[in-house]
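Please keep the structure open while reading.

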Amino acid sequence: MPLLRPRPSAGRAVTGTRRVRDDVHRPGRVVVAAFAVGLVVGTVLLALPVARRGPGGAGLLEALFTATSALCVTGLAVVDTPTYWSPFGQVVILALIQVGGFGIMTFASLLGLLVSRRLGLGSRMVAATETKTVGMGDLRSVLLGVARVTLVVEGVTAVVLAVRFATAYDEPPLRAAWLGVFHAVSAFNNAGFALWSDNLMGFVTDPWVCLPIAAAVLLGGLGFPVVLEVLRERRGVRRWSVHTRLTLLVSGVLLVGGTLFVTAAEWANPRTLGALDPAGRLLAGFFAAVMPRTAGFNSLDVGAMNTGTLLGTDVLMFIGGGSAGTAGGIKVGTFAVLLLAIAAELRGDPDVTLFDRRLAPATVRQALSVALVSVAVVVASTVVVAMTSPYTLDQVLFEVVSAFATVGLSTGITADLAAGHQLLLVLLMFAGRVGPVTLASALVLRQSHRMFRRPEGRPLIG
């Protein structure tokens with residue numbers, strides 16, 4: 001009787017391993033490649049002579065920086081948007097903002113769908129329960145859902161702004177409509193581009209301009225899954241997923257805390273809030289707390305703020321907004337998970353819990369990885385710029401965080417930075433837009449299960 005031999009499976013095992021590794025890297029490659037193509041197209045269009053007011057076309061650096069800032073929905077600028085760019089150039093900027101915002105919401109949602117399908121059956125069941133709108137079904141439903149939310153929010157905001165500009169500021173109907181559309185799109189996509197040289201400082205005490213823009217910024221920053229779930233599940237908070245409840249809770253706390261902080265810190269500053277009446281101070285303080293979430297509009301002179309206010313704003317910008325939205329930063333979910341992990345460690349609790357749910361250890365590790373990589377990028381970039389420029393540390397740190405978190409707020413030094421520093425900001429904006437999404441998805445897709453565990457070791461901590 002012939003001996004039974006095991007079937008040769010080494011080839012298939014290697015092939016399977018390679019396939020899994022390709023699946024891990026493919027989503028990140030698609031996101032990076034898509035944004036890179038959009039960046040090249042935007043740069044070429046903005047470099048055309050027709051895109052700039054006056055003779056000649058824009059310089060390559062100006063076109064590249066502006067295209068990156070628009071596509072990555074940041075808002076930093078090295079030239080004055082309303083006076084430097086022609087109507088054609090402004091339309092290109094608006095299109096890049098729309099494509100960038102729509103693209104990041106779609107890509108993030110589809111990556112969530114891909115992640116949920118790559119998990120095991122048990123993990124998929126948990127993901128389907130706790131993140132209802134992350135695994136939303138198929139490509140068509142994701143695209144249509146994002147498009148509907150985008151059109152409704154931008155449309156309502158544009159109408160309100162257009163009516164206000166036409167009735168209160170005597171803008172001609174077509175001009176008022178263009179201003180309404182441009183700023184509505186810029187607000188919902190958290191871009192921060194404005195068609196006034198002083199951004200929105202001329203409307204600092206006008207609630208009919210500031211509040212609609214702030215509302216659009218907040219909705220875009222919450223993320224498409226959260227907005228869609230709130231619209232679908234209107235019967236009670238208890239029916240919301242853990243992700244939605246966490247995003248809304250942390251966003252609300254940061255919004256209230258940020259408003260109180262900015263208002264108190266700048267209340268007596270004669271160059272910012274101190275020059276306004278009490279009602280104007282409250283409105284401007286609220287607006288200044290919303291924008292680091294990460295929009296980039298400013299109704300106050302950021303460069304005139306106190307050093308402590310700039311540092312607090314750095315923190316808000318670095319945290320950012322919700323996942324699968326137009327906001328940047330490390331995201332409120334990442335920030336909350338890290339706080340919960342610290343609280344659990346201080347209590348001596350082996351599990352990190354949230355809303356009567358236990359968080360998987362992999363979730364905590366992923367949040368820690370995203371946060372530490374982001375900190376490393378910000379610190380390294382800040383050191384480089386601080387050592388090679390004449391600006392103070394608070395100015396440089398603010399600029400770097402604003403670029404990496406795709407915020408767009410500035411103390412006014414962007415246009416005066418050296419060409420090398422501006423190119424560094426371009427890289428930071430690009431990395432800040434596609435980096436956290438692709439890194440988080442890659443960390444999830446890389447999960448593997450070993451059949452053994454090594455002996456435990458305990459190095460000294462603290």
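## Overall make-up

The model is predicted. Its chain holds 16 helices and 2 strands. Of the 462 residues, 49% count as buried. Among contacts with a separation of 6 or more, 72% are between residues 24 or more positions apart.

## Gly155 in helix α6

Gly155 lies in helix α6, which covers residues 139-168. Val181 is 26 residues away from Gly155 along the chain, yet the C-alpha atoms of the two are separated by 7.6 Å.

## Helix α14

Helix α14 runs over residues 361-387 and has 27 residues. At 1.5 Å a residue it should span 39 Å, and its end C-alpha atoms are 39 Å apart, so the two values agree.

Which residues of α14 are buried? They are Ala362, Val364, Gln366, Ala367, Val370, Ala371, Ser374, Val378, Ser381, Thr382 and Val385. An α-helix has 3.6 residues a turn, so residues three or four places apart point the same way.

## Packing of α13 on α14

Helix α13 (residues 332-347) packs against α14 at an angle of about 115°, and the two axes are 9 Å apart. The crossing is left-handed. On the α13 side the contact involves Thr334, Val337, Leu338 and Ala341; on the α14 side it involves Thr363, Val364, Ala367, Leu368, Val370 and Ala371. By class, this contact has 8 nonpolar and 2 polar residues, with no charged ones.

Some of the α14 residues in this contact, including Val364, Ala367, Val370 and Ala371, are also among the buried residues of that helix.

## Packing of α12 on α15

Helix α12 (residues 307-319) and helix α15 (residues 393-404) have axes that come within 9 Å and cross at roughly 20°. Angles under 35 degrees count as roughly parallel, and α12 and α15 are therefore roughly parallel to each other. α12 passes α15 in a left-handed crossing.

Which residues of α12 and α15 meet? From α12 they are Thr307, Leu310, Leu311, Thr313, Asp314, Met317 and Phe318, and from α15 they are Asp394, Leu397, Phe398, Val401 and Ser402. By class, the contact of α12 with α15 has 7 nonpolar, 3 polar and 2 charged residues.

How values were computed:
Residues numbered from 1 in each chain as written. Predicted model: local features only at pLDDT ≥ 70, side-chain atom pairs only at ≥ 80, totals over all residues. Heavy atoms only, no water. Helix = DSSP H or I, 4+ residues; strand = E, 2+ residues; numbered from the N terminus. Expected span 1.5 Å × (residues − 1). Buried < 20%, exposed > 50% of the residue type's maximum accessible area, 1.4 Å probe, protein only. Axes fitted to C-alpha atoms, helices over the stretch in contact; angles between N-to-C directions. Parallel < 35°, antiparallel > 145°, perpendicular 65-115°, else oblique. Left-handed = near helix turned anticlockwise from the far one by under 90°. Contact = heavy atoms within 4.5 Å. Nonpolar A, V, L, I, M, F, W, Y, C, P; charged D, E, K, R; others polar.
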